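Please read the numbered points with the model open beside you.

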Amino acid sequence: MTERYKNLIGGEWVGATDAIRSINPSDTNDVVGEFAAASAKQVADAVSAARQAFKQWSQTTPQVRADLLNNIATELLNRKDELGELLAREEGKTRAEATGEVYRASHVFRFFAGEVVRVGGEKLPSVRPGIDVEISRGPVGVIGIITPWNFPVAIPSWKIAPALAFGNAVVFKPSELTPMMGLRLTEIVSRGGGPPGLVNLINGTGPVAGQALIENADAISFTGSVPTGRQIALRAIQRMIPVQCEMGGKNPLIVLDDADLDTAVNCAVDGAFFQTGQRCTASSRLIVTEGIHDRFVNAVAERLQKLVIDHALKPGTNIGPAVDQRQLDKDVRYMEIGRREGAKVRVEGRVLKRDTPGFYISPTLFVETANNLQINREEIFGPIAAVIRVKDYDEGLAIANDTEFGLSAGICTTSRKYARHFQANAQSGLVMVNLPTAGLDYHVPFGGTKASSYGPREQGRYAEAFYTVVKTSYVSV
Ligand code: NAD
């Protein structure tokens, strides 16, 4: 019988009536685990436990908090290969991608261990005599953390680390597709130190566990799709609690005539197709000027034929499977939609059979597409990209910005003038010059504009804005 993993509530591992199952997308015969699905009541209990822990944790010295974060960073680093393998098994990204993600998560915790002692304040003269004014930052309370499946270690880490660094307690709801990584991360975080209830795990479904968290937490940090984010933000606003939503993208990569062809092809293939296209920063729209168009399309098509799509843990695999049947069906649906709308298929994606039953799909490259097609408007989240031919940079920029999203935008060019203009005028939170639209550092802010993001930026020093509240004190002297 499959072991049923429990949730961590107030320092105790607690079972539940309902359960969710995690299946290996590279081999659907492999059940990664069965997990207790938290009830709404259990989520409320977890928030109460966190509130108790918060009383103590918010009073700890910066050194205590730094030590805890360093302990977590060290364990993640020491176990990156083992955890990377488990991540690849549960989510379907390749071993290299998965190990890199755990490594990055360790850096995130290490970074915030350093930030603990850098929380600043201001002291100003009052406009009135005999008064000092101080501006300081303090913790918010219990942070509800709701995360997607595509970076099941890194995304929770870049929320949990600043939450704890700035003196908050946490209730964490991982995606129902990656409960194992949520569990392993919680074990490591809870082993790092701190009072029972400081970090609580509530594996479960969005409508039950996620919804209950929004009803109880003091603030919500969410990463996921736009429809879910919109629903969460609306409820958070009704409750008047701070909310931060990082959501989808329809990220453009412009390739200009003067681009270095190899660089442009590398950026496109990596940005659009690696990690099975399942990245919020994936380049799904390739906007290419006339002079380089055919050479670029031919070179990308050639590279795509060489990619190995197979079991995530098999040596030599470049691209693992889609995460589940639903995502695979969605990819296939969009391949059909593109064809129906008149996009030309340059590389035809196929659902593939491999040694083990899994959700394997090869890349699709559409060409001669218009920006108003459904495949260019909606986030697909699969290994599907569409080329849009343009006459020059100006048309390319206008098309790049003609989208409801604004997460990442890239340009490949050797012209400093166009690169600088694009940096200033791309309507996105991230701009990449001669780099893939995906692939980020851990110490600088991350987030988008328009429908891609709502609320303060995540990561780096900018995380402080969400995980602290500002207090202004007037002191008679
Ligand atoms: P999703 O919106 O379906 O789910 C995200 C999380 O929200 C899950 O934990 C889910 O259980 C929970 N949830 C669902 N319904 C809920 C509800 N009613 N109340 C509370 N919680 C609820 O997204 P997904 O399929 O897990 O992830 C893919 C999406 O995430 C894509 O759109 C992708 O672009 C986005 N994403 C964004 C970023 C970013 O930082 N901008 C990073 C990674 C992924």
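1. The second largest pocket comes first. Its lining has 19 residues, and Arg-104, Phe-151, Arg-279, Gly-439 and Leu-440 lie nearest its centre. A pocket here is an open set of points on a 1 Å grid over the protein atoms alone, with protein on both sides within 12 Å along at least five of seven lines; lining residues have an atom within 4 Å of a point. The volume is about 390 Å³, meaning the space filled by probe spheres set on the points, with points joined across faces, edges and corners.

2. The model is predicted: local features need pLDDT of at least 70, side-chain atom pairs count only at pLDDT 80 or more, and totals for chains, interfaces and linings use all residues. Residues are numbered from 1 along each chain as its sequence is written, and side-chain values use heavy atoms, with hydrogens and water left out.

3. Which helix gives the most to the lining of the second largest pocket? H4 does, with four residues. Helix H4 (95–115) and H5 each supply at least two. Helices (H or I, at least four residues) and strands (E, at least two) are DSSP runs, numbered from the N terminus. By class, this lining has nine nonpolar, four polar and six charged residues. Ala, Val, Leu, Ile, Met, Phe, Trp, Tyr, Cys and Pro count as nonpolar; Asp, Glu, Lys and Arg as charged; the others, Gly among them, as polar.

4. The largest pocket has a volume of about 1100 Å³. It is lined by 40 residues. Trp-149, Gly-224, Ser-225, Thr-228 and Arg-326 lie nearest its centre. Two or more lining residues come from each of helix H7 (206–216), strand S11 (219–223), helix H8 (226–239) and helix H11 (325–340). The classes are 17 nonpolar, 13 polar and ten charged.

5. Trp-149 also belongs to an aromatic pair. The whole structure has eight such pairs. Rings of Phe, Tyr and Trp (its six-membered ring) pair if their centres lie within 6.5 Å; planes under 30 degrees apart count as stacked, over 60 as edge-to-face and the rest as tilted. The ring centres of Trp-149 and Phe-381 are 5.5 Å apart and the planes are at 80°, so this pair is edge-to-face. It links distant parts of the chain, 232 residues apart. Trp-149 sits in the loop between strand S8 (142–146) and helix H5 (154–165). Phe-381 sits in the loop between helix H12 (374–377) and strand S19 (384–390).

6. A search finds three cavities of 30 Å³ or more. A cavity is a set of points where a 1.4 Å probe fits but cannot get out.

7. Of its 14 lining residues, Pro-252, Ala-400, Phe-405, Gly-406 and Gln-427 lie nearest the centre. Strand S13 (251–255), helix H13 (393–401) and strand S20 (408–412) each supply at least two. Five lining residues are nonpolar, seven polar and two charged.

8. Two strands pair if DSSP finds at least two bridges between them. S4 and strand S5 (residues 31–37) pair in the antiparallel sense over six bridges. Ile-20 stands opposite Phe-35 in S5.
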